[in-house]
Amino acid sequence: MKGLITIRIAMRALVRNKGRSLLTALGIIIGIAAVIAVVAVGQGASVNMRSQISSMGNNLLLIFPGSQNSGGFRGGSGTQQNLTEEDGEAILQECLSVTAMTPLLRTGAQCIYRENDWATSIQGVNIQFPDVRSWDVTSGAFFSESDIRSAARVCLLGKTVADQLFQGEEPVGKTIRIRNMPFRVLGVMAPKGTAAWGQDQDDTIIAPWVTVSRVLQRSRFNNVNQLMFSLDSMDSLPQVKEEISGILRQRHRLNSGADDDFTIMDMTEVTQMITQVSKLMTMLLTVIASISLIVGGIGIMNIMLVAVTERTREIGLRLALGARRRDIMMQFLVEAVVLSGAGGLIGIGLGIGSANILATANHWPVMISPVAVLLAITFSAGVGIFFGFYPAWRAARLNPIESLRRE
Amino acid sequence: MLITLRNVNKVYHMESVDVPALQNVSSDIAAGEFVAIMGHSGSGKSTLLNLLGCLDKPDSGSYQLDGEEVSRLGSDALARIRNRKIGFVFQNFNLLPRTTAQENVELPLYYGAPMRGVERRERSKTLLTRLGLQDRMQHHPGQLSGGQQQRVAIARALVNQPPLILADEPTGNLDSRSADDIMALFQELNREGITIVMVTHEPDIAKYAKRVIQMRDGAIV
């Protein structure tokens, strides 16, 4: 018997029992739909997180001051105040892979514009900050080198701060008060959104680092909380880290045996963490998918066993009319596979549909993974073969005489 | 000879008791015969029909069908013989429910040599037309009378043009008028050269046959 005819016979048998066929396939349909939808949402979230990480800046490298060791106690990262703006300048000069650098000083303050006030973080940076963070100014202009040198009381507002303080009024050119000192607003930064770790990146004020240091922190030194670098590529990251480490150790006059008094961090660690989380999620999904497919498969096996019992006479008849045992076997196996395969296809459609509904309803980014779709088809067909085998074998083993006699 | 049986024995094993169903049965049926096998229930007539239909194998003895020794063939070879050489007609018709008359007739063609759909439909249509069912071809068995259903079943038995038709109480579920119609049809087919072997317990029906084989206790008397 030709394969096409077998499929046709199986299809006919399934169509004869439309309602039951649908109910039987329902387990597979729901399982596959759930997996496709959840994978789509998960993948979307993962891609979203990655894009947020890259929104941190181009090929970003961060350096923090190291821990302070005194009298046997070791403080945490950043406890030492030994990282200076000059360190950053030196690295920018000496390390060819570094394309841009900004120091970062962080402080917090209450800001006031007329009757509105808002507590936010203030970041002191230099003019390369927009490059390093790939963060543009939407209205107005960034401050200049001379603003830094003169410790000018100027600033740029993050979108959230602009909204909170000005409530729709145009902020550029206005003066706000930070710790009761007047600062002129030069511009507003482009909205950056929520960071991967949940912080609102737009809830901040950007000011010249010298202003933050001298005016707000009343410091006489050039210490910074952080140095941020842009690299031309991430390919030579280990060498670049090595190089920067060498420069800093030399500048800080560390002996060869001493610990680094700084910490170099790059985004690969965060990316790795996200990769790991998404790997875990994929594994979890695989387990859920397997369970739902097994449950669906058992449903199919159950119904196929019922079908074999119900259609014993038909099987006996087919044997009498010249069907070989393997023809009967194939018929029931193909029925099971068509059932589960069709269930899989419907499930994929349903999954894609519900993923899109989720996407529009919740503004979640979703991504339909072609791999998941392919796997879903393969596995649902596989489930049909696996769980259809026993009923089909039972059918093929029937005795034609007894089967024909069955009422 | 179309059928040659020599010393055929068949024993059924039922819960540690052996029930002899056929004992040293020998018989010849020539091509073109119309034979009725009669006997009480338990006389072995159904067992004999199953053996003739290659649905069962004898424990010992020889069965030659159309010149071929079939008693030792494997199940695939027997399936092929059932498909090509034998047409079955059952008491309860055994038509597939929710399947049209035409599709029921075409069923054996799926298990024979590959055949194009057009040809399959042509063959089934010709046969159904010949049996007076041309306007019932798309009906399901449930929409047909008993006599019509049995005629569909006969069309199915004929579709592979076998030399032998085996009928097991073909009129058992029919009223007497339909039964007479079916028997007339059998006689007509027999005149065209098809060998018919029919099991029945009704003497009225056996009358239509040219020869009657009486069975008792697993033996031909």
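The model is predicted: local features need pLDDT of at least 70 and side-chain atom pairs count only at pLDDT 80 or more, while totals for chains, interfaces and linings use all residues. Residues are numbered from 1 along each chain as its sequence is written, and chains are lettered from A and ligands numbered from 1 in the order in which they are written.

Within helix 6 of chain B, the residues B:A179, B:I182, B:M183 and B:F186 are buried (20 or more other C-beta atoms within 10 Å of the residue's own; exposed means 12 or fewer, partly exposed in between, with C-beta atoms placed from the backbone). Down the helix axis, the buried residues of helix 6 of chain B fall within an arc of 100 degrees, so they line one face; the arc is taken from the directions from the helix axis to the C-beta atoms. They pack against strand 3 (34-38), helix 5 (146-158), strand 8 (195-199) and helix 7 (203-206) of chain B. On the face turned away from this buried side are the exposed residues B:R177, B:A184, B:E188 and B:R191. B:G193, with a positive phi near 110 degrees, follows the helix.

Strand 10 of chain B runs antiparallel to strand 9 (residues 211-216) of chain B, joined to it by two bridges; B:R216 has B:A219 as its bridge partner in strand 10.

Chain A contains 13 helices and twelve strands, and 41% of its 407 residues are buried. A:I63 lies in strand 1 (residues 60-65) of chain A and counts as buried, with 26 C-beta neighbours inside 10 Å. A:I264 is 201 residues from A:I63 in sequence, but their C-alpha atoms are 4.5 Å apart.

Between the chains, 21 residues of chain B are in contact with 18 residues of chain A (C-beta atoms, placed from the backbone, within 7 Å). Helix 2 (residues 75-85) of chain B supplies six residues, the largest share of the chain B side.

Notes
Contact = placed C-beta atoms within 7 Å. Helix = DSSP H or I, 4+ residues; strand = E, 2+ residues; numbered from the N terminus. Pairing = 2+ DSSP bridges.
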